[in-house]
Amino acid sequence: MKNKEIKQQARLQLKGQWGTAALFTLLFSSIYYLIPLIIEVNLSGGWSAWLNKPSDEMDGPAASTFIITLVLLPLYIGYLWTFLSVIRTGEKINVSSLFQAFSEISTYVKILGAYLVMMVYLILWSLLLLIPGIIKAFSYSQTYFVLKDHPGIGINAAIKKSRQLMDGYKWKFFVLQLSFLGWGILCVLSLGIGFFWLAPYMSTSYAAFYNDRVKNYKRD
């Protein structure tokens with residue numbers, strides 16, 4: 001499918017669920033972004049101390065935020081997986097699906113492991129030059145979806161599968177992401193409120209991209 005058709009499919013599958021998707025995104029954002037921020041601010045000594053802290057300073061509160069965000073990473077994966085189900089079956093969005101990646105300890109550990117392994121690989125590639133690191137980031141972009149479809153697969157095998165799916169399609173995925181830039185600017189102008197609708201639209205489109213790649217990869 002062309003990117004235009006991918007986005008059209010995303011809008012079609014979200015039809016009748018836009019409001020629910022926005023509330024779902026609000027819940028996710030409140031847990032994944034707001035809670036770590038509040039903890040960091042409190043550990044920093046309040047809003048004033050936090051705001052006056054040098055941006056390049058990595059202290060205890062900032063480190064704690066990173067750790068908490070890492071612990072909550074499966075929540076983000078559950079968010080992505082929810083929209084994969086929306087694309088494939090038109091499944092109704094519900095709160096419980098946000099926590100699906102926490103259902104089994106093996107899934108939880110594998111997601112954290114995949115994140116850390118990919119970070120190491122990306123850092124090593126970026127040591128060569130920035131561009132190779134960016135290219136590899138696109139190569140690894142489908143890893144979490146692969147883990148959803150293949151729960152028993154190993155971390156490196158999932159990364160390899162993602163690389164195979166993205167072979168020759170990294171530019172297409174980049175263009176798909178870039179196509180949301182205008183909407184992103186409008187969301188900023190709406191004081192960020194629009195992101196509660198844009199995030200589900202983007203996530204569903206990315207899920208549709210993955211689903212299309214899987215179908216065509218099997219066909220190839």
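Leu 189 has a relative accessibility of 65% and therefore counts as exposed, the cut-off for that class being over 50%. The model in which this value was computed is a predicted one. Leu 189 is located in helix H11 and is one of the residues forming a nonpolar surface patch of about 960 Å². Two elements, H10 and helix H11 (181-189), each give two or more residues to the patch. The largest share, 5 residues, is that of H11.

Helix H10 (170-178) also takes part in the packing around helix H7. Within H7, which covers residues 130-139, the buried positions are Gly 133, Lys 136, Phe 138 and Ser 139. Besides H10, the buried residues of H7 pack against helix H6 (105-128) and helix H9 (155-166).

Annotation of the chain was taken from UniProt, where an unreviewed entry lists residues 21-43, 63-87, 108-135 and 174-199 under "transmembrane region". Two of these spans were examined in the model. Residues 21-43 are 100% helix and 0% strand, and 33 Å separates the end C-alpha atoms of this span. For residues 108-135 the corresponding values are 96% helix and 0% strand, with the end C-alpha atoms 27 Å apart.

Terms used: Residues numbered from 1 in each chain as written. Predicted model: local features only at pLDDT ≥ 70, side-chain atom pairs only at ≥ 80, totals over all residues. Heavy atoms only, no water. Buried < 20%, exposed > 50% of the residue type's maximum accessible area, 1.4 Å probe, protein only. Helix = DSSP H or I, 4+ residues; strand = E, 2+ residues; numbered from the N terminus. Contact = heavy atoms within 4.5 Å. UniProt positions renumbered as here; feature names shortened; annotations may be inferred. Patch = residues over 30% accessible without salt bridge, like charges linked within 9 Å, V, L, I, M, F, W, Y side chains within 5 Å. Areas by Shrake-Rupley, 256 points an atom, 1.4 Å probe, with all protein chains shown as cover. Salt bridge = Lys/Arg side-chain N within 4 Å of Asp/Glu carboxyl O.
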